[in-house]
Amino acid sequence: MSSGAAWVEAIVSVFIVIAGVFALIGSIGLARLPDFFTRLHGPSKATTLGIGSTIVAAAIYFSSTGPGLSLRELLISLFVSITTPVSAHLLAKAALQRHSPAASSSPSGRRRPMV
Amino acid sequence: MLTISIRIAFALFALALVLNVLRLLRGPDLVDRALALDTLHVNAAAMLVLYGIALGSARYYEAALLIAMLGFLSTIALAKYLTRGDIIE
């Protein structure tokens, strides 16, 4: 499938499996944590790392099998890293506005919104 | 070794997508569903890049970039609508 050396395949394989593991960990956190404010943390960081690792693997793979150094893929990673905190912040503000019920064990279980 | 690791990664990403859909169906409030949709968008973009590696073609990167951008925009629009009732003040 690829015309690169075996160690390039090994590095790409490691990064791809790491990306899958991060995405799975983030999604397990999304599916199992008790309330919305705890569910906000896990998927944001884990999906950023997941897509970042996939992009690094793709950059290494296509640089080794293509004509030149292909760094265009790092644009997605930069975009996702910049926009994920913005999305998380706006979703948290929306949840506070709607008085989303918080589990009593999390520190955000207050009665009035902060904004 | 690359084919085996691509299959393992596809299985992991598929399981992650199923868990996101589970939260999408189950989330008690609308913001939970908005968060599940945003995570679905980013995971789908990662899976598209993985598909491009599996096929050996660098053309799927643009589709992944588009999906990531659309996911961010729709999450922002949904969050602003749920906060205030309109999207552009």
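I take a salt bridge to be a side-chain nitrogen of Lys or Arg within 4 Å of a carboxyl oxygen of Asp or Glu. The model is predicted, with local features needing pLDDT of at least 70, side-chain atom pairs counting only at pLDDT 80 or more, and totals for chains, interfaces and linings using all residues. Residues are numbered from 1 along each chain as its sequence is written, and side-chain values use heavy atoms, with hydrogens and water left out.

**Entry: the interface**

I looked up the salt bridges between chain A and chain B and found three, including one in which A:Arg72 pairs with B:Glu62, the closest N and O atoms being 3.4 Å apart. On the side of chain A that touches chain B, α1(A) supplies the largest share, 16 residues, where helices are DSSP runs (H or I, at least four residues) numbered from the N terminus. I then noted that 47 residues of chain A are in contact with 51 residues of chain B, contact meaning heavy atoms within 4.5 Å.

**Entry: the cavities**

I searched the whole structure and found three cavities of 30 Å³ or more, a cavity being a set of points on a 1 Å grid over the protein atoms alone where a 1.4 Å probe fits but cannot get out, with lining residues having an atom within 4 Å of a point. The largest cavity has a volume of about 150 Å³, the volume being the space filled by probe spheres set on the points, which are joined across faces, edges and corners. I recorded 18 lining residues for the largest cavity, with A:Thr47, A:Thr84, A:Ser87, B:Asp38 and B:Val42 nearest its centre. Of the elements, α3(A) gives the most to this lining, with seven residues.

How values were computed: Chains lettered and ligands numbered in written order. 1 Å grid on protein atoms, 1.4 Å probe; cavity = no way out; pocket = protein on both sides within 12 Å on 5 of 7 lines; lining within 4 Å. Helix = DSSP H or I, 4+ residues; strand = E, 2+ residues; numbered from the N terminus.
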